[in-house]
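Open the model in your viewer and colour the chain from one end to the other. The stops below say what to select next and what is there.

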Amino acid sequence: SDHDLTYPESPSAMDWSQHYPAFIATEEQESTTPNPADTTDSHPKPKKMTQQVTIADIGCGFGGLLFALAPRFPQSLILGMEIRTSVTEFVQDKITALRKQAQTTSNTSPHTSTTTDHPTMNGSSAPPPPSYQNISCLRANTMKFLPNFFPRSQLHTIFLCFPDPHFKTRKHKARIVSPTLNSEYAYVLRPGGKIYTITDVEDLHCWMVEHLAGHASFERVAEEEVEGDVCVEVMRRETEEGKKVERNGGRKFVAVFRRLEDPPWP
Ligand code: SAM
């Protein structure tokens, strides 16, 4: 049940500083960084951030995708959204532990070009190990109030990985791809941004393609572009469900959709 969930009244009321403390703006940056989180006078202003969340993993489960994305997009803030309390807590605790571990490692062993974990072709110093400061997870029912978290066009990527299939026709309304929810995804995604979907249920794949490609704000991305996309590779390999399907020799159906520009007002 989600009756105990609370939501920010609006994106500007959302305090991201607890999620991404390493990205809190310094006082100097505060005066120069425009922040959509500026609020009305009736509420205390959340701390300003140097970055906004731009990647959302909706129904992130145990967070495999988040942990894999963290080092690949170190400058992007990535958010997992998950409805189950214990699962959300598991992901949050794991992030805290990984951040601590990264901190300890960076304090005790200075990073040098001799690091073997990250070999580079030219012998120059390897990329720094992930700090996991750029990922977080919050508990939410994303079928409700997604635009309360993100203002229009803030996100550039949304992942819908192995969403619950809700097989029975009378349960289809519980699917996280629907005409109404697609309009919410279109609202929070910037033009050119993408929705990545993957499932092992062919019927659900067809449903997602039908409803997303059929929505005025989205077009399906061509196969050649999909195949070369690092996000597709990561979601195929690193999600918990993706691994499970791999172990069982199942099929994975992938489809990616681009957010189109809005037509000009008449
Ligand atoms: N994305 C993960 C993966 O690929 O391994 C987990 C997939 S699991 C089958 C679906 C997840 O979506 C579950 O963890 C479930 O609790 C979560 N979920 C279902 N409905 C949701 C909703 N309305 N809001 C947020 N999370 C939801």
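Two residues are in contact if their C-beta atoms, placed from the backbone, lie within 7 Å. This is a predicted model: local features need pLDDT of at least 70, side-chain atom pairs count only at pLDDT 80 or more, and totals for chains, interfaces and linings use all residues. Residues are numbered from 1 along each chain as its sequence is written.

The chain has nine helices and seven strands. Helices (H or I, at least four residues) and strands (E, at least two) are DSSP runs, numbered from the N terminus. Of the 266 residues in the chain, 29% are buried. A residue is buried if 20 or more other C-beta atoms lie within 10 Å of its own, exposed if 12 or fewer, and partly exposed in between, with C-beta atoms placed from the backbone.

**The sheet**

Select the strands. Seven of them form an open sheet with mixed pairing, in the order β3-β2-β1-β4-β5-β7-β6. The edge strands, β3 (135-139) and β6, each pair on one side only. Two strands pair if DSSP finds at least two bridges between them.

Next, select residues 53-58 and 155-161. These are β1 and β4, which run parallel and are joined by four bridges. Alanine 56 stands opposite isoleucine 158 in β4.

Move on to β7 (residues 253-259), which pairs with β5 (residues 189-199) in the antiparallel sense over six bridges. Here threonine 199 has phenylalanine 253 in β7 as its bridge partner. Strand β6 (residues 218-220) also runs antiparallel to β7, with three bridges. Glutamate 219 has arginine 258 in β7 as its bridge partner.

**Two helices**

Select residues 64-72 and 230-238, which are α2 and α8; they pack at an angle of about 145 degrees, with their axes 9 Å apart. Axes are lines fitted to C-alpha atoms, for helices over the stretch in contact, and angles run from 0 to 180 degrees between N-to-C directions.

Which residues in α2 meet α8? They are Gly64, Leu65, Ala68, Leu69 and Arg72, and in α8 they meet Val230, Val234, Met235 and Glu238. An α-helix has 3.6 residues a turn, so residues three or four places apart point the same way.

Now show the strands again. Helix α2 lies across β1, β2, β3 and β4, running at about 180 degrees to β2. Helix α8 lies across β4, β5 and β7, running at about 30 degrees to β5.

**The ligand**

Select the ligand and its surroundings: the shell has 21 residues, and the closest are Gly59, Gly61, Cys161, Thr239 and Glu241. A residue is near a molecule if its C-beta atom, placed from the backbone, lies within 6 Å of it. Both β2 (77-82) and α9 (240-247) supply at least two residues of this shell.

**Buried and exposed**

Select α5 (179-188), where Asn182, Tyr185, Ala186 and Val188 are buried. Their cover includes α4 (146-149), β4, β5, α6 (202-213), β6 and β7.

Finish at phenylalanine 167, in the loop between β4 and α5. Is phenylalanine 167 buried or exposed? Phenylalanine 167 is exposed, because 10 other C-beta atoms lie within 10 Å. From phenylalanine 167 to leucine 98 is 37 Å in space, C-alpha to C-alpha, and 69 residues in sequence.
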